[in-house]
Amino acid sequence: MGIYINEQEKFFSLKTNNTEYQMQADEYGVLKHIWYGERVENNMSYLLEYPDVGFSGNPYDAGNDRTYSLNTLPLEYACSGIGDFRIPAVSVKHSDGSCALDLRYKSFKIKKGKYNITGMPAVYGNESDSETLEIILYDTSGKIEITLRYGVLEKYDIITRSAVIRNLGQKSVILEKAASLCLDIPHFEWELVHFHGRHAMERLSQRSPLINGIQEIASTRGTSSHQHNPSFILCSPECTENSGECIGSFFVYSGSFQAQVERDELGQIRAVMGIHPGLFSWNLKPGDIFETPEAVLTYSKNGFSKLSYNFHKVIREHICRGKYKLAERPVLINNWEATYFDFNSDKILEIAKESAELGVDMLVLDDGWFGKRDDDCSGLGDWFVNEKKLQGGIYELAENVKNMGMRFGLWFEPEMISEDSELYREHPEWAIRIPDRQPTRGRYQLVLDMSREDVQDYLYKVISNILDSAEISYIKWDMNRSICDWYSGFLTAEGQGELPHRYMLGLYALLERLTSDYPEILFEGCSGGGGRFDAGMLYYCPQIWCSDDTDAYERTKIQYGTSFIYPVSSVGSHVSVVPNHQTGRITPMETRAITAMAGSFGYELDLSSLSEQDKQSVKLHIKKFREYAPLIHNGKYYRLSNPINDNYALWEFVSDDETEALVHGMVYRTEPNMKRKSIKLEGLNPDYQYQVNGSSEVYSGAALMKGGILLPKAWGDYCPVEFHLKKQEG
Ligand code: GLA
């Protein structure tokens, strides 16, 4: 298996099929990070240097040796207050006000299978596919023990990290920072790729050199956020899709986070990622433990494509759970862009009837079906049906939809409360707000204190009442504002810094209860589109509405960025009307369908109002998606262009046995008198002959990968591209 230990030398190596991660405790018991990269089968500590760098400081037990400094060595879990002036992974405040933590090696444990984290999402694995290494470190003066946990999924080239901090002293300490990942890279040059954005324009990829100093990606919004995704990639300057080195990490957490990358005075890199320390403190009483969420790592020597492959596979197979994790997803029709708040049963059934005729699997009723909710000013929290809009209630509507041959799904925004709601009138104390201050509103609404068990119980009760009242096969779990005004009447003054993380624990507890009690239901995450698109939510919801921007052109950029970390099956993606509601842009129907097929496919429009021609296209596209879905969701995904720079967006899915591939995308703008571009394909078998789109065109895999395929002659803007390649037998 993947964990190798030389006990005498206190040397630890985590080996996966193609990667190796090394650590070693030295003569002082300091756990040094030695290597993360390609498999080398050699203790790489010979590369460590011990320069005498001015103003670096030396531990007392190093005596007069000025070359031994924690400020210059690569460390496995850096502490504050003891002479390493780079970003710390952990900081505490002791009862005497001091902040030092000096962790030294104590022992280790190896366990079969993958560790779990209490009450939090994490990569899961069993005894045959994963192993756990625990390294126990101890601060003798402060009596703090920290267990570093490493999960090794050998076949996936995946290493996970989390820490457990235990107070073994007699007095409380305040934990002020507890990162999940601390990765020192003392060698070579690196660049940073991360995914930034805003509402309706999430996860745009950005690549930049590292500056001397600290670069930060973070959210203080109580959600992982539209603005920065909790993930990053460090890559060699020459790294491309299929060559060069890269190390990626994503955080299995949905709340505020911070990822920092520091390039120090010696050009060494340190990357740290975890719960955002600015919104965190934890009162660790004697005997208490704190478990950090998990960070997941992979390394590729063959560029971004392999890195994404590793992440897609581990997310699909070891983070997503339940009936739908690998299953084909239903084709949805969602009424949001068709009706917004303005609907009644008749209107919904009209859309349902048309949808059923065109081949849609499931109707999702979005916002506005409950309480007094005719706009976004009221009603959140009142999760009982608005009979004025839906005569006969959810039961009758769901039955009618079922009788048309479709399943039924429903939108909820459980974490929110409108001031104009019965719930708020009854329980104003359940909203997060600071006493004697006016609360901050977001989309007119306040946020429920999810750390409270009575709030969780209320939500469980009202949601399960609805779920038990009718045949409901899907839930869209929305969350439509950033959180501030952190305060909980429920916690002591000392414990207030715990609220943002306790909120997440409460949310996860509720999701765990509902997803395990209703295993047949498909949960789709959402937060104003993709404001909480992270691996934490994917543990409960195997798909997440990728963005409120349904414009096919913009979506190619959003989905491109998303694809670096997250698998196609996790991307909720729908066809909507033109002119598009977010941009006013007009794109062809075929292009919209192709773009939405790079995800968990559906429609977000009034199908009953389409032209006959468009309706025929919808029929065809649904049929096509069903045919291609196994290839799209289970195949290997390749990015063939960079839509931020190129005049076209192209991506490719290849089946594991390389007998089938699908190239999809669009040419953005058409130019007259121009020759066609040839695009090199990826992942084919060079020796196979591939037939293109069922025609007489047949080319070898080698030709298609080395010479490429000519894009179609474009006519009009956003011209669709589709090549379906099938291995020719014989
Ligand atoms: C959010 C979601 C949309 C829709 C609305 C309803 O913005 O992202 O898809 O559900 O809320 O209010």
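**Ground rules.** I number residues from 1 along each chain as its sequence is written. For this predicted model I need pLDDT of at least 70 for local features and 80 or more for side-chain atom pairs, while totals for chains, interfaces and linings use all residues, and side-chain values use heavy atoms, without hydrogens or water.

**Fold.** I looked up the secondary structure and found 12 helices and 38 strands in the chain (DSSP runs: H or I of at least four residues, E of at least two). The radius of gyration is 27 Å, close to the 27 Å of the globule rule for 730 residues, so the chain is as compact as a globular protein of that length (taken over C-alpha atoms; the rule is 2.2 Å times the number of residues to the power 0.38). The C-alpha trace spans about 85 × 70 × 45 Å along its principal axes.

**Ligand.** I looked up its neighbours (a heavy atom within 4 Å). There are 13 residues around the ligand, and Asp366, Asp367, Lys476, Gly529 and Asp548 are the closest. Next I checked ligand oxygen atoms against polar side-chain atoms. The side chain of Lys476 has an N or O atom 2.8 Å from one. For Arg443 the distance is 2.9 Å. For Asp478 I noted 3.0 Å.

**Largest pocket.** I then looked up what lines the largest pocket. I found 19 lining residues, with Val667, Met674, Lys675, Arg676 and Lys677 nearest its centre (on a 1 Å grid over the protein atoms alone, a pocket is an open set of points where a 1.4 Å probe fits, with protein on both sides within 12 Å along at least five of seven lines; lining residues have an atom within 4 Å of a point).

Conventions
Polar contact = N/O pair within 3.5 Å; in protein donor to acceptor, adjacent residues only side chain to side chain.
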